[in-house]
Amino acid sequence: MNRLQKIAQLFSPAAFVHDSEEEIQKLEQLIKLQQIGGITFFHSRHSAAANFEGRQEKLTFENSLEKLKSLIKRYQSISKTPLLISIDAEFGLAMRIEQTPQYPFAITLGQLPIEMEPLIFESGKLIGEDLKAIGIHLNLAPVADCNTNPNNPVIGYRAFGDDKEKVSRFALAQYKGMIAGGVAACYKHFPGHGDTAVDSHLGLPIIDKTKEQLLQEELYPFIAGINQGVDMIMVGHLAVPALTKGERLPASLSKHVLKNLLREELGFKGIVISDALNMKAVAELYPTKGELEWKAFDAGNDILCFSENITEGIHYINQNATDEQIDLSYQRIYNLKTKLGLNTASKPTFSKLNGKKANTYNQIVAQQLFNTHWDKAQIAHLLKPKDKIAFIAAFNNLEDLKTPEFNNLNFRETLQLEDLNQQKLDQITREQACILGIFLPSAKPINQFGMDQASIDKIKALSQNPNVLIIHFGNPLAAKTWQTPQSKAILVHAYQTLPEFQSQAWKHLHSTL
């Protein structure tokens, strides 16, 4: 390859499964004319913009999987060299593609005992197999951040928790599982996005900790991963002044962070990939098109993700970079493609996803969690007499709950929270034991996890009643929106709204009554 072709291999712009034919053809022209190295798939422009627009992401399109496979085949067929296809699939393809296997969130897996690392490895392996089955080569996961700030607006459910040792071991186990599943994987978001209060999609988070504190907490899982052979790391758009001589520059654009710390001090030899360059933490720093891409490359990023100025970026790097800089990054990418069999690849072939295996895996995880956290004696005492129990569903249609396992519970009455006023709630909980099932609308904290204030107020009132059992299907961090010092209800976290988790909840209830 000549110099410009090598530079083009650094770029992995966004590709959207649901896009206009005009935009698809624009990307095809980019692939043909610039000979870029890869593409990173997102569901749609609408979904990709969700974080910027302060709304919940809604995946409502049809035939997403088939469209994704069709586009992979289409883009690969016109590329002079095989494209490195990547995607964010932290909890499986379902993170981007509806009606595909979904595995538990990292925060859910993080509730398992640390000795259950093999289960974490298995999640990575199944996810990797799903990606490989449809022609994807690189999963931009796992998250290796320690979520030490419970108010973190962007990590939260995506991290294995706040325990650095468990995060370190679980991230490595899932990473190795993905490799075993046949794809490449990537630790993120170096040097650690867990203790931030700003979403880097919207602004620049700043971590004001000493380097020693960072080494003991944020950096701990990354150092452990590097020592165990992790060969790809994504760098986050967050400022860490202790690592940049007091300068509040995003780590993704700092030579102090990427060259001095990551490469020289920590000895990382693998690929560095930037977080999405369209994020507001960095996207508006340089008004000249292409300059951001050059700054990111010059700082030490090998792959430039979600660049929106490919042509200008290539030429900006060409004007400013040394041959040595370009060759180092190009060789790392070439080696990865060779390792994945891309440099001799033929047309992508597709195979089936792990549908039944995913269901079985989710059942096993749910069972383990309920076995660990279900206090049978305490709950049995609350729910006496068992023939006078009311069930109230929050944020879920009762008709959707009526599976054989749910119906076997024979509740005295089943009600919808949204249909009840406070007077009726007081009457129900005064006369009988009550189970409140909260089916959290979203795992993301945007707009109070998708909950309306009226419902939150009702849940707050119910949580103060000792005659209530709350089963919370969703991100456990959401409990802070309705828990108060006066809360007396028994709370059981079920972590996910997945059918397998609901099934285990009804089975444990049935065995308790």
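A salt bridge here is a side-chain nitrogen of Lys or Arg within 4 Å of a carboxyl oxygen of Asp or Glu. Keep that in mind as you click around; what you have open is a predicted model.

**Stop 1: helix 4.** Select K69 and E66. Their side chains meet in a salt bridge, with N to O at 3.3 Å. Both residues sit in helix 4 (residues 64–78), three residues apart, which is about one turn of the helix. Now colour them by accessibility: K69 counts as buried because its relative accessible area is 16%, under the 20% cut-off. E66, at 48%, is partly exposed.

**Stop 2: R96 and D88.** Next, pick R96 and D88. This is another salt bridge, 3.1 Å from N to O, and here both partners are buried.

**Stop 3: a link between helices.** Jump to D298 and K255. The closest N and O atoms of this salt bridge are 3.0 Å apart. The pair ties together distant parts of the chain: D298 belongs to helix 12 (residues 291–299) and K255 to helix 10 (residues 255–265), 43 residues apart. D298 is buried at 14% relative accessibility, while K255 is partly exposed at 40%. Before you leave the salt bridges, select D88, E90, R96, R158 and K188 together: salt bridges with shared partners join them into one network.

**Stop 4: F105.** Go to the loop between strand 4 (84–87) and helix 5 (106–109), where you'll find F105. With 11% relative accessibility, F105 counts as buried.

**Stop 5: strands 8 and 9.** Show strand 8 (residues 232–235) alongside strand 9; they pair in the parallel sense over four bridges. Which residue of strand 9 is the bridge partner of I233? Click V272, and you have it.

**Stop 6: a charged patch.** Finish on the surface. Select E418, D419, D452 and D457, which gather there in a patch of negative charge. Zoom in on D457, which lies in helix 20 (residues 453–463). Is D457 buried or partly exposed? Its relative accessibility is 40%, so D457 counts as partly exposed.

Notes. Residues are numbered from 1 along each chain as its sequence is written. This is a predicted model: local features need pLDDT of at least 70, side-chain atom pairs count only at pLDDT 80 or more; totals for chains, interfaces and linings use all residues. Side-chain values use heavy atoms; hydrogens and water are left out. Patches are made of residues with over 30% relative accessible area and no salt bridge: like charges are joined within 9 Å, nonpolar side chains (Val, Leu, Ile, Met, Phe, Trp, Tyr) within 5 Å. Accessible areas come from the Shrake-Rupley method with a 1.4 Å probe; for residues, only the protein chains shown count as cover. Lys and Arg count as positive and Asp and Glu as negative; His and the chain ends are not counted. The place of a charge is taken as NZ of Lys, CZ of Arg, CG of Asp or CD of Glu. Helices (H or I, at least four residues) and strands (E, at least two) are DSSP runs, numbered from the N terminus. Buried means under 20% relative accessible area, exposed over 50%, partly exposed in between (1.4 Å probe, protein chains only). Two strands pair if DSSP finds at least two bridges between them.
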